[in-house]
Amino acid sequence: MDRRKLLVAGALGTAAAAPGLIGAPAWAGDDDRMRPSNHRPLVIGHRGASGYRPEHTLASYELAARTGADFIEPDLVSTADGVLVARHENEISGTTDVAAHPEFAARRTTKTIDGISVTGWFTEDFTLAELKTLRAVERLPAVRQRNTVYNGLFEVPTFEEVLELRERLSRELRREIGVYPETKHPTYFAGIGLALEGPLVAALRRHGLDRRDAPVFVQSFEAANLRRLRTELRIKAPLVFLAGAGAPFGDPRPYADYLSPAGLAELAGFVQGIGPEKTMVIARRADGTLGEPTPLIADAHRAGLKVHPYTFRAENQFLPADLRTGTAPAEYGRLLDELAAYLAAGVDGYFTDNPDLGVLARNLAA
Ligand code: G3P
Ligand code: CA
């Protein structure tokens with residue numbers, strides 16, 4: 001397909017414009033994991049379509065699906081009464097209007113979360129009913145000022161509501177919308193008696209999603225809870241190990257060690273993919289420009305693992321220096337070119353705040 005047709009298709013709406021979106025599933029479970037290149041790279045709506053709506057709201061997830069995302073990505077934490085809700089962290093002053101609620105002023109406190117002192121309001125100190133009185137706000141108002149028009153409109157969704165939305169949109173759009181839940185601070189939550197894994201597996205099973213071929217990837221930055229999900233909770237759905245700088249919390253083993261050829265072979269014993277920070281896949285040069293691919297994709301594929309790097313965002317400040325347009329940090333740069341480089345390097349999918357552009361990049365590369 002020529003570039004002009006694709007650009008028109010992208011502008012009209014990706015779900016209708018990309019025939020491949022209806023039919024064979026785009027995800028792959030264990031049976032397919034040795035052949036990652038046989039599958040279309042996945043577009044994962046990071047915190048929904050968080051480039052355009054306050055993150056982790058049903059509105060954000062719905063927009064992601066409607067603009068062509070294959071998967072929607074809820075980060076999960078727990079309420080005081082053990083309900084999984086979608087927030088990137090358990091401290092919620094940056095993404096809700098909790099500070100404007102005088103009835104909760106006394107709940108403000110300081111805690112140590114994964115070794116870091118954090119002050120604010122925490123989901124585990126609120127019942128679900130209390131949390132439902134709050135409203136979401138834009139996390140990055142200085143960068144995404146336009147998203148602030150939605151401040152105060154949307155609730156903090158439960159994982160159950162996200163799964164119900166997924167089902168409704170899958171029916172309406174006539175394609176399976178996948179869900180890519182992440183356990184946030186799993187060691188911390190287990191330590192306060194609110195372990196995330198049990199409710200997560202129970203919810204997936206209630207919705208018929210604990211299968212090897214389910215449109216699901218469960219992700220975590222901790223290897224220990226992924227291993228426990230597989231061995232103790234006997235989850236069947238695909239798992240993904242996330243990696244960034246340093247080491248998993250409470251784990252002396254650095255991420256770099258997990259991502260060595262030997263580490264990847266070991267991971268393949270209980271996960272189906274890795275989610276590395278994007279510069280681990282294509283490094284940046286010393287001047288901040290996009291460099292060359294590292295061996296990570298080839299090493300991971302050799303171990304039979306998918307590679308889904310994070311996080312791709314349209315604003316200049318998140319892009320390599322040579323892909324920025326102008327100098328304003330919040331203006332859009334050349335995300336399409338960044339994604340083209342990752343697609344050429346062989347990624348199996350990517351987390352993006354701009355799923356419409358993620359789909360367009362994939363179409364352009366096809
Ligand atoms: O889950 C992939 C990516 O979302 C990890 O980063 O911090 O946005 O959850 P984070
Ligand atoms: Ca995440």
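Tutor: Surface first: the protein exposes about 14,600 Å², and carbon and sulfur atoms supply 55% of that. Areas come from the Shrake-Rupley method with a 1.4 Å probe, where for residues only the protein chains shown count as cover. Keep in mind that this is a predicted model: local features need pLDDT of at least 70, side-chain atom pairs count only at pLDDT 80 or more, and totals for chains, interfaces and linings use all residues. Side-chain values use heavy atoms, with hydrogens and water left out; residues are numbered from 1 along each chain as its sequence is written, while chains are lettered from A and ligands numbered from 1 in the order in which they are written.

Student: How many helices and strands are there?

Tutor: You get 13 helices and 15 strands. Both are DSSP runs numbered from the N terminus: helices are H or I with at least four residues, strands are E with at least two.

Student: What makes Arg-47 buried?

Tutor: Buried means under 20% relative accessible area (exposed is over 50%, partly exposed in between, with a 1.4 Å probe and protein chains only). Arg-47 has 9%, so it counts as buried. Across the protein, buried residues make up 54% of the 366 residues.

Student: Where is Arg-47 placed, and what is its phi?

Tutor: Arg-47 sits in the loop between β1 (42–46) and α3 (58–66). Its phi is near 55°, a positive value in a residue other than glycine.

Student: Which residues are said to be around ligand 1?

Tutor: His-46, Arg-47, Glu-73, Asp-75, His-88, Glu-182, Lys-184, Gln-219, Phe-221, Leu-242, Tyr-310 and Phe-351. The test is a heavy atom of the residue within 4 Å of the molecule. By type, this shell divides into four nonpolar, three polar and five charged residues. The nonpolar class is Ala, Val, Leu, Ile, Met, Phe, Trp, Tyr, Cys and Pro, the charged class is Asp, Glu, Lys and Arg, and the others, Gly among them, are polar.

Student: What is the distance from an oxygen atom of ligand 1 to an N or O atom in the side chain of Arg-47?

Tutor: It's 2.6 Å, and for His-46 the value is 2.7 Å. Glu-182 has a polar side-chain atom 3.0 Å from a ligand 1 oxygen. A polar contact is a pair of N or O atoms within 3.5 Å (within protein, one must be able to donate a hydrogen and the other to accept it, and residues adjacent in sequence count only if both atoms are side-chain atoms), so these pairs qualify. As for cover, the protein takes up 92% of the 280 Å² of accessible area that ligand 1 has on its own.

Student: Why do the buried residues of α12 line one face of the helix?

Tutor: In α12 (residues 335–345) the buried ones are Leu-335, Glu-338, Leu-339, Tyr-342 and Leu-343. Seen down the axis, they fall within an arc of 135°, so they line one face. That arc is taken over the directions from the helix axis to the C-beta atoms. They pack against β12 (282–284), β13 (290–293), β15 (349–352) and α13 (355–365).

Student: What makes Ile-235 count as buried?

Tutor: At 3% relative accessibility, Ile-235 is under the cut-off, so it counts as buried. It lies in the loop between α8 and β10. Its contacts beyond four places in sequence include Val-201, Leu-204, Leu-229 and Arg-230.

Student: Which residues does a cis peptide bond join?

Tutor: Tyr-310 and Thr-311, with omega about -15°. Thr-311 lies in the loop between β14 (306–307) and α12.

Technical notes. Contact = heavy atoms within 4.5 Å.
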